[in-house]
Amino acid sequence: MAIERTFSIIKPDAVAKNVIGAITSKFEGAGLRILASKMVRLTDAQAKAFYGVHKDKPFYGDLVKFMTEGPVIVQVLEGESAITKNREVMGATNPEKAAAGTIRKEFATNIERNAVHGSDAPETAREEIAFFFSAAEMASLAR
Ligand code: CMP
């Protein structure tokens, strides 16, 4: 196992529900360290670009609308097998299928308003971190 970094978004539904702390606590409880964290309001262009891989999916328009409806928390998480660990603690994309104790089981509303996003692989983690955090910003947060 290796120390990895992954990228997370606490989505507008979860920010509106006032569960930023509860979700962050789940990450920390799973052994993940918050390396970087900020609140941002995605523009339409940012949401479209970030979810560009889904542009041909029927839910793309609604997803972009949802992700721009309010502020989000973007974070860089670090730890042993952080990508897999984060996906475990998030639970299945569809909260109806998410295991007990996972973030999506506890805080998601439905498959779209599903509280959190997490990178699915090392390459996407690198791309997604770079989408929101500059190299200089990450370097300035080094511990
Ligand atoms: P996320 O992990 O951020 O990746 C893509 C997002 O699209 C996903 O979480 C959901 O918010 C949304 N999504 C995925 N599948 C569907 C679906 N079938 N219907 C609506 N939204 C979806």
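In what follows, a residue is called buried when its relative accessible area is under 20%, exposed when that area is over 50%, and partly exposed in between, with a 1.4 Å probe and only the protein chains considered. The areas themselves come from the Shrake-Rupley method with a 1.4 Å probe, and for residues only the protein chains shown count as cover. By this scale serine 81 is buried, because its relative accessibility is 18%.

The model is a predicted one, in which local features need pLDDT of at least 70 and side-chain atom pairs count only at pLDDT 80 or more, while totals for chains, interfaces and linings use all residues. Residues are numbered from 1 along each chain as its sequence is written, and side-chain values use heavy atoms, with hydrogens and water left out.

Which residues surround the ligand? Its shell consists of Lys11, Tyr51, His54, Phe59, Leu63, Arg104, Ile111, Glu112, Asn114 and His117, where a residue is near a molecule if one of its heavy atoms lies within 4 Å of it. Sorted by class, this shell holds 4 nonpolar, 3 polar and 3 charged residues. Here Ala, Val, Leu, Ile, Met, Phe, Trp, Tyr, Cys and Pro count as nonpolar, Asp, Glu, Lys and Arg as charged, and the others, Gly among them, as polar.

Polar contacts come next; the term denotes a pair of N or O atoms within 3.5 Å, and within protein one must be able to donate a hydrogen and the other to accept it, while residues adjacent in sequence count only if both atoms are side-chain atoms. The side chain of lysine 11 places an N or O atom 2.7 Å from an oxygen atom of the ligand. For histidine 117, the distance from a side-chain N or O atom to a ligand oxygen is 2.9 Å. Glutamate 112 takes part through its backbone, with an N or O atom 2.9 Å from an oxygen atom of the ligand. Taken alone, the ligand exposes 460 Å², of which the protein buries 79%.

The space that the ligand takes is the largest pocket. A pocket is defined on a 1 Å grid over the protein atoms alone, as an open set of points with protein on both sides within 12 Å along at least five of seven lines; a cavity is instead a set of points where a 1.4 Å probe fits but cannot get out, and lining residues have an atom within 4 Å of a point. A molecule sits in either one if more than half of its atoms lie within 2 Å of its grid points.

Attention now turns to the loops. Helices (H or I, at least four residues) and strands (E, at least two) are DSSP runs, numbered from the N terminus. Threonine 102 belongs to the loop between helix 5 (82-90) and helix 6 (103-107). This threonine 102 is buried, at a relative accessible area of 7%, and its side chain reaches the backbone oxygen of alanine 99 at 2.6 Å. Threonine 68 lies in the loop between helix 4 (60-67) and strand 3 (72-80). With 17% relative accessibility, threonine 68 counts as buried, and its side chain reaches the backbone oxygen of valine 64 at 3.0 Å.

Asparagine 18 has a positive phi of about 65° although it is not a glycine. Where does asparagine 18 sit? Its place is in the loop between helix 1 (12-16) and helix 2 (20-29), and asparagine 18 counts as exposed at 70% relative accessibility. Serine 81, found in the loop between strand 3 and helix 5, likewise has a positive phi, near 45°, and is a residue other than glycine.

Serine 8, in strand 1 (residues 3-10), is buried with a relative accessible area of 0%. Methionine 39 lies in strand 2 (residues 33-40) and is partly exposed at 49%; its C-alpha is 19 Å from that of alanine 142, 103 residues apart along the chain. Glutamate 123, in helix 7 (residues 122-132), is partly exposed at 43% relative accessibility. A polar contact of 3.0 Å joins its side chain to that of arginine 126.
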